[in-house]
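The following note sets out numbered points on the model shown below. Each point may be checked directly against the sequence and the coordinates.

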Amino acid sequence: MGILEVKDVGKRFGGLQALSNVNLSVKENSVHAIIGPNGAGKSTLLNCLVGKLIPDSGSVMFDGQSVLGRAPFEINQMGISRVFQTPEIFGDLTVMENMLIPIFAMRDGAFRMHAYETVANEREVIEQAEQMLEEMNMADKRHMHSAALSRGDKRRLEIGMCLSQKPRLLLLDEPTAGMARADTNNTIDLLKQISEERDITIAIIEHDMHVVFSLANRITVLAQGTPLVEDDPQNIRGNPKVREAYLGESA
Amino acid sequence: MLGLDKKDTTLLIIVALLTLLAPFLLNPFPSDSAMAQFNAGYPDLMQRFVIFGIFAVGFNILFGLTGYLSFGHAAFLGIGSYSAVWMFKLFSYNVIPAIALSVIMAGLFSLLIGFISLRRSGIYFSILTLAFAQMSFALAYSVLSNPKFNLTNGETGLQVYADDPQMFHRDGLPDLPHLFGLSMRSTYTLDMGAWSFDFNAGYYLCAVIMMIVFYLAIRIFRSPFGMMLRAVKSNQQRMNYTGLNSRPYTLAAFVISGMYAGLAGGLMAAMDPLAGAERMQWTASGEVVLMTILGGTGTLIGPVLGAGFIKYFENIFSKINDSVLHGWFAFLPDGMEDFVVAVLHPFVGKGWHLTLGILFMLVVIFLPGGLVEGGTRLRNWFRGKRSGADDKPSGKTEPAE
């Protein structure tokens, strides 16, 4: 029984069957990659997991509880954090403020809807934010406007913001899309380090095979809205069906 | 001081000095000189500066921080005025309960309107608020004013009549809005040589209230709550995926700014015990948007400057007529004089809107950050001049550690 169980999920947009009979089980503390050609339904699936879309059929269970019908902020409170394809950060705010917001939202281990509720210890919140910036190697940039950061730094900040809430599942949507090689490698190292050091499950949607094979210990291949195979990385590499559907096509 | 950092304390002190010394600052010209018509230091106008300053500061808490552009804030201004006048009619001319009721009523209405309007964002939110404000205007103008149930007194406007109950009114008290006996109209005029300065009780009441609410606005801007509001403006998507529901935040900001508007409306009625429906019309809602943008959206002092700027134009420029212009240009040869007056004519008097419109366009195009940005640029320019060419600004300002 995995931490995230997707059963028979289907989603239709008008005449397009985006997802059909998707079954997926993500094991706790694994790094699970979902790959597939363009239009395979990867992003649709991800949106169904975080409450942005509601599937037409099937169920999505996180840690034994259904996420369907809950708003994105409620799903986040259950312990699922999402990193977007283009980094979604608070561009008008400084790096430090960006880091404070998720910590203000979740303090004393529980979510608070209102920042104006008394903060038991504001100093503690600030310390936590500083520590997380330290871990992301961004402490020297804390007073910068986050919109002025480089793509790679924005990504680090976004991941740091997600981690500061101690999620149990981290969802990443093409975390290295549009990045320079050096930034891509830095991001891979960061994610490796996160999965080794923290008690966290990572599910990652990725196009870049280099990223997938250096991170994942389980891979699901999606094609035309339905899972083709789910296996270990070394088996995926040799699987003729996958080659045909995806790897062969891109080679 | 008062839980503010050094920069904000300085700002608060500057605002305090400006408002308290306004009777001097706004009357720089001797009272019988030709320039005296540019003096703005008479009680009526000073009160309006401060009242609209309060209105704009409140509006900026919603628009400047969360980015939700409300086009219906004048409704709360009107509700504030009507509540205050009803308080005068039923109980007494004391302004304190009247202002308190205005704030409460505006708060209740903004809770209702905000709860519905905030289901949408962007242009749809603006249209919803505009619709509510126009409905309120129509209600006040005609629907709620009929012989059976006359709440607003329609076109005439709500005012206090001799046969109103005024339960707590005693004979010794002034027959005008007062603060525990001190009439809002009482003015002390100080003559110093050719100058004359008016110190008006009503103005100082407004000024003190503005300092209090300005201080509150600074605290809101700097609090975690203010940070969350800026986060709403910056990225709602990330907000949602950080486990935060933005609705309670935006609603709180909406209600707070509605209460500021109600306070401004209450003060208006306290200065002049009259409330008319035109106060709620969409032009009034648009005016506060202009004030905020002109002064500098999202800055603390900007809306106050914008309010002062617009009200100054409205009251001073509109008073310049052709005969005044002829007086100014009398030194020119006759044909020239008529020509210059004819050219300037559309921009003054009733045409003051034209001048204001041009200035507004110039500010929006060249100073998107409003008057505040203009001030910052001027300061940087002076600093650059003084320190010489060796440390030219690198284009981006990055705060030092």
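**Points on the predicted model**

1. Strand S1 (residues 4–13) and strand S2 (residues 16–26) of chain A run antiparallel and are joined by seven bridges. Strands (E, at least two residues) and helices (H or I, at least four) are DSSP runs numbered from the N terminus, and two strands pair if DSSP finds at least two bridges between them. The two strands S1(A) and S2(A) form a hairpin with two residues between them, and A:Gly14 in the turn has a positive phi of about 55 degrees.

2. This is a predicted model, in which local features need pLDDT of at least 70 and side-chain atom pairs count only at pLDDT 80 or more, while totals for chains, interfaces and linings use all residues. Residues are numbered from 1 along each chain as its sequence is written, and chains are lettered from A and ligands numbered from 1 in the order in which they are written.

3. S1(A) also pairs with strand S4 (residues 57–62) of chain A, in the antiparallel sense and over five bridges. A:Leu4 stands opposite A:Val26 in S2(A), and its bridge partner in S4(A) is A:Phe62.

4. These strands belong to an open sheet of four strands with antiparallel pairing, in the order S2-S1-S4-S5 (chain A). S2 and strand S5 (65–66) of chain A stand at the edges with a single partner strand each, so one side of each is left without a neighbour in the sheet. Helix H1 (residues 42–50) of chain A lies across S1, S2 and S4 of chain A, and runs at about 65 degrees to S2(A). Axes here are lines fitted to C-alpha atoms, for helices over the stretch in contact, and angles run from 0 to 180 degrees between N-to-C directions.

5. Helix H5 (residues 151–163) of chain A has 13 residues and reaches 18 Å from its first C-alpha to its last, close to the 18 Å expected at 1.5 Å a residue; the expected span is 1.5 Å times one less than the number of residues. Ten of the 13 residues of H5(A) are buried, among them A:Asp153, A:Arg155, A:Leu157 and A:Ile159. A residue is buried if 20 or more other C-beta atoms lie within 10 Å of its own, exposed if 12 or fewer, and partly exposed in between, with C-beta atoms placed from the backbone. The buried residues of H5(A) pack against several elements of chain A, including strand S6 (80–83), helix H3 (95–105) and helix H6 (181–197).

6. Chain A as a whole comprises nine helices and twelve strands. Its radius of gyration is 18 Å, close to the 18 Å that the globule rule gives for 251 residues, so chain A is as compact as a globular protein of that length. The radius is taken over C-alpha atoms, and the rule is 2.2 Å times the number of residues to the power 0.38. Of the 251 residues of chain A, 44% count as buried.

7. The contact between the chains takes 28 residues from chain A and 22 residues from chain B, two residues being in contact if their C-beta atoms, placed from the backbone, lie within 7 Å. On the side of chain B that touches chain A, helix H8 (224–234) and helix H9 (236–240) of chain B each supply at least two residues, and the largest share, eight residues, comes from H8(B).

8. B:Asn153, which is not a glycine, has a positive phi of about 60 degrees and is partly exposed. B:Gln166 has a phi near 40 degrees, a positive value in a residue other than glycine, and is also partly exposed.
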